[in-house]
Amino acid sequence: NAKKLIRAAKEAGADTIKWQAHFYEDEVHPEAKLISPHFSEDRYEWVKRNTYPPEFWLELKEYCHEIGIEFLCTPMSRGAAYLIEGVSDRFKIGSGDLTDFVLLDYIRDYHKPIIISSGMSSIQEIRRAYDFIREKTEDVTILHCVSNYPCKLEDLNLLTIPFLKKQFPEAKIGFSDHSLSTHTARMAVQIGAEVIEKHFTLDRNAFGSDHKCSLLPEEFKDMVDNLRKYLEDKKLGFPKSAYFIPQEVGGVATKFISEEEMKFRPIFRKGLFARRDIRKGELIAREDIIALRPRGDAPKSEDFMLYLDKIADHDYKQYEHL
């Protein structure tokens, strides 16, 4: 199925195909029987079923190279990043993990290009993650994203793209589009997007969380054709008025968290937990801390650095929050 997707994406005009890599022991708390709006089964079991070994990713990487499309991967945890570290030439961080500083601290040490999505995040959270990554990795791309699946056109707020370009002038700015439109990518490029990410599927009714907000191959090709025609017309000086952006799609030039996105934060944001049993008086090292969702009452995962090299003030059981 993965190779069919790769081939179809290549034929539809994609430059890159991006996957999500999971490692269940390092992503979801085992005692959290969490059912999100997108899953009909326990989240922990879903992640466990979708955890694949390094050789799976290596085979896909080789197939991508064979047919001429870039392989890219989103590690959903530090453990997942470890699984793909020798496979992916750069990393993508999903919106749910923008504040997972356990993961960010791990991948920034590779000095590879990193793309971050900004759904359900405030401008302060984006700035904090961006500055943290830039301490060790200069090549950072920020994608405007609205974490609705699928996203209504009137919720896209495309004017966030030029807003982000002003806030982060040294970064590349793009758009992670969860709508089912084949024209919004072109609109995003019109106002400054340099990277377009779009969900892609062979069957919108297939089992899984993202198929219903994904484009089919013929739709994806239509999106690519629309976009490349716009770029060609731009070179030729075609009148801008021919490519109109509706006000309801443009929105306002700022970054905010919508009410719909606020519902996802308790589900996808992570907290800090003990990765092993820790005895009182022990020094807490990087490998002793794990970031898991849901956060619950645990400290925020973005406060990871505050807990490093501290002395445990009492005994911690594995998976107990710090």
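User: In which segment is Tyr-319 found?

Analyst: This is a predicted model, and in it Tyr-319 is found in the segment after strand 11 (310-311).

User: Why is Tyr-319 called partly exposed?

Analyst: Tyr-319 has a relative accessible area of 21%. Buried means under 20% and exposed means over 50%, with partly exposed in between. The value of 21% lies in between, and therefore Tyr-319 is called partly exposed.

User: Why does Asn-157 count as buried?

Analyst: The relative accessibility of Asn-157 is 6%. The cut-off for buried is under 20%. Since 6% is under 20%, Asn-157 counts as buried.

User: Why is Lys-4 called exposed?

Analyst: Lys-4 has a relative accessible area of 55%. Exposed means over 50%, and because 55% is over that limit, Lys-4 is called exposed. Lys-4 is found in helix 1.

User: Which residues of helix 1 (residues 2-11) are buried, and what covers them?

Analyst: Ala-2, Ile-6, Ala-8 and Ala-9 are buried in helix 1. The cover includes strand 1 (16-21), helix 3 (54-67) and helix 9 (217-235). Gly-13 follows helix 1 and has a positive phi, near 105°.

User: Why is Glu-70 called neither buried nor exposed?

Analyst: The relative accessible area of Glu-70 is 24%. Buried would need under 20%, and exposed would need over 50%.

User: What is Glu-70 in contact with, leaving aside its neighbours within four places in sequence?

Analyst: Glu-70, which lies in strand 2 (residues 70-75), is in contact with Asp-15, Thr-16, Ile-17 and Arg-90. A contact here means heavy atoms within 4.5 Å. The C-alpha atoms of Glu-70 and Ala-14 are separated by 9.0 Å, although these residues are 56 positions apart along the chain.

User: What makes a set of residues a nonpolar core, and how many residues has the largest one?

Analyst: The members must be buried nonpolar residues joined through side-chain atoms within 4.5 Å. The largest core has 72 residues, and those with the most contacts inside it are Ile-6, Trp-19, Trp-57 and Ile-142. Helix 6 (residues 123-134) supplies the largest share of this core, six residues. A second, separate core of five residues includes Tyr-24, Val-28, Tyr-44 and Val-47. In soluble globular proteins, nonpolar side chains tend to be buried together.

User: Which residues are in contact with Trp-57, leaving aside its neighbours within four places in sequence?

Analyst: Trp-57 is in contact with Trp-19, Gln-20, Ala-21, Tyr-52, Phe-71, Cys-73, Ile-84 and Val-87.

User: Why does the radius of gyration agree with a compact globule?

Analyst: A compact globule of 322 residues would have a radius of gyration near 20 Å. The protein has 20 Å, and therefore the two agree. Its C-alpha atoms fill a box of roughly 70 × 40 × 35 Å along the principal axes.

User: What share of the residues counts as buried, and what share of the contacts is between residues 24 or more positions apart?

Analyst: Of the 322 residues, 54% count as buried. Among contacts with a separation of 6 or more, 68% are between residues 24 or more positions apart. The protein has 13 helices and eleven strands.

Note on methods. Residues are numbered from 1 along each chain as its sequence is written. This is a predicted model: local features need pLDDT of at least 70, side-chain atom pairs count only at pLDDT 80 or more; totals for chains, interfaces and linings use all residues. Side-chain values use heavy atoms; hydrogens and water are left out. Helices (H or I, at least four residues) and strands (E, at least two) are DSSP runs, numbered from the N terminus. The radius of gyration is taken over C-alpha atoms; the globule rule is 2.2 Å times the number of residues to the power 0.38. Buried means under 20% relative accessible area, exposed over 50%, partly exposed in between (1.4 Å probe, protein chains only).
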